[in-house]
Amino acid sequence: MFDINGWELLLLGLLAILVLGPERLPEYAAKFGRFVRQARSMADRAKEQLKDEMGPEFSDIDWRAYDPRQYDPRKIVRDALSAPPDADEAPAAYDKPVSTPRGHDPALPTPWDAEAT
């Protein structure tokens with residue numbers, strides 16, 4: 001949660017001993033423990049309340065599947081490029097007639113035709 005490794009935790013403990021002293025350290029450790037328990041119970045109650053309000057249709061959703069940290073853009077693009085196109089989609093896209101601007105005769109050259117040659 002806070003991304004604190006072992007050495008940082010040890011350093012924080014030593015700093016707490018130096019700042020608070022051995023007389024007040026147990027009192028503050030107990031207060032911190034109560035705070036953590038209260039925060040956990042509040043988070044659990046909020047989670048339960050949210051589940052109750054959302055209803056039973058949301059109880060079977062795997063929310064980890066929607067976590068944006070799991071997505072790899074390279075994999076998504078690679079999968080999209082390697083997937084074969086749907087057989088129903090491709091012909092429909094190519095069978096549509098090409099529209100021409102109003103009043104334009106398709107037999108006459110256009111300015112953009114001159115640029116291509």
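The protein contains four helices and zero strands, where helices (H or I, at least four residues) and strands (E, at least two) are DSSP runs numbered from the N terminus. This is a predicted model, in which local features need pLDDT of at least 70 and side-chain atom pairs count only at pLDDT 80 or more, while totals for chains, interfaces and linings use all residues. Residues are numbered from 1 along each chain as its sequence is written, and side-chain values use heavy atoms, with hydrogens and water left out.

**View 1. The whole chain and its confidence.** Along the sequence, the elements follow the pattern α-α-α-α. The average pLDDT (the predictor's confidence in each residue, from 0 to 100) is 77, and 70% of the residues score at least 70. Among the elements, helix 1 has the highest mean pLDDT (89), and helix 3 (residues 89-94) the lowest (52). Where pLDDT is low, the predicted coordinates should not be read in detail.

**View 2. The surface of the protein.** Of the 117 residues, 3% count as buried; buried means under 20% relative accessible area, exposed over 50%, and partly exposed in between (1.4 Å probe, protein chains only). The protein exposes about 11600 Å², of which carbon and sulfur atoms supply 62%. Accessible areas come from the Shrake-Rupley method with a 1.4 Å probe, and for residues only the protein chains shown count as cover.

**View 3. A nonpolar patch that includes Val19.** Ile4, Leu9, Leu12, Leu15, Leu18 and Val19 form a nonpolar surface patch and together have about 630 Å² of accessible area. Patches are made of residues with over 30% relative accessible area and no salt bridge; like charges are joined within 9 Å, and nonpolar side chains (Val, Leu, Ile, Met, Phe, Trp, Tyr) within 5 Å. Valine 19 lies in helix 1 and counts as exposed because its relative accessibility is 58%.

**View 4. A negative patch that includes Asp52.** Asp44, Glu48, Asp52 and Glu53 make up a negative surface patch. Asp and Glu count as negative and Lys and Arg as positive; His and the chain ends are not counted. The place of a charge is taken as NZ of Lys, CZ of Arg, CG of Asp or CD of Glu. Aspartate 52 belongs to helix 1 (residues 6-54), and its relative accessibility of 62% is why aspartate 52 counts as exposed.

View 5. Side chains of opposite charge can pair when their charged atoms come close. The whole structure has four salt bridges, each a side-chain nitrogen of Lys or Arg within 4 Å of a carboxyl oxygen of Asp or Glu. In one of them, arginine 69 meets aspartate 67 (3.1 Å, N to O). Arginine 69 is exposed at 73% relative accessibility, whereas aspartate 67 is partly exposed at 24%. Another joins aspartate 72 to arginine 74 (3.5 Å, N to O). Here aspartate 72 is partly exposed, at 27%, and arginine 74 is exposed, at 63%.

View 6. The side chains of lysine 75 and aspartate 79 form a salt bridge (2.9 Å, N to O). Because lysine 75 and aspartate 79 are four residues apart in helix 2 (residues 73-82), about one helical turn separates them. Aspartate 79 is partly exposed, with 38% relative accessible area, and lysine 75 is also partly exposed, at 45%.
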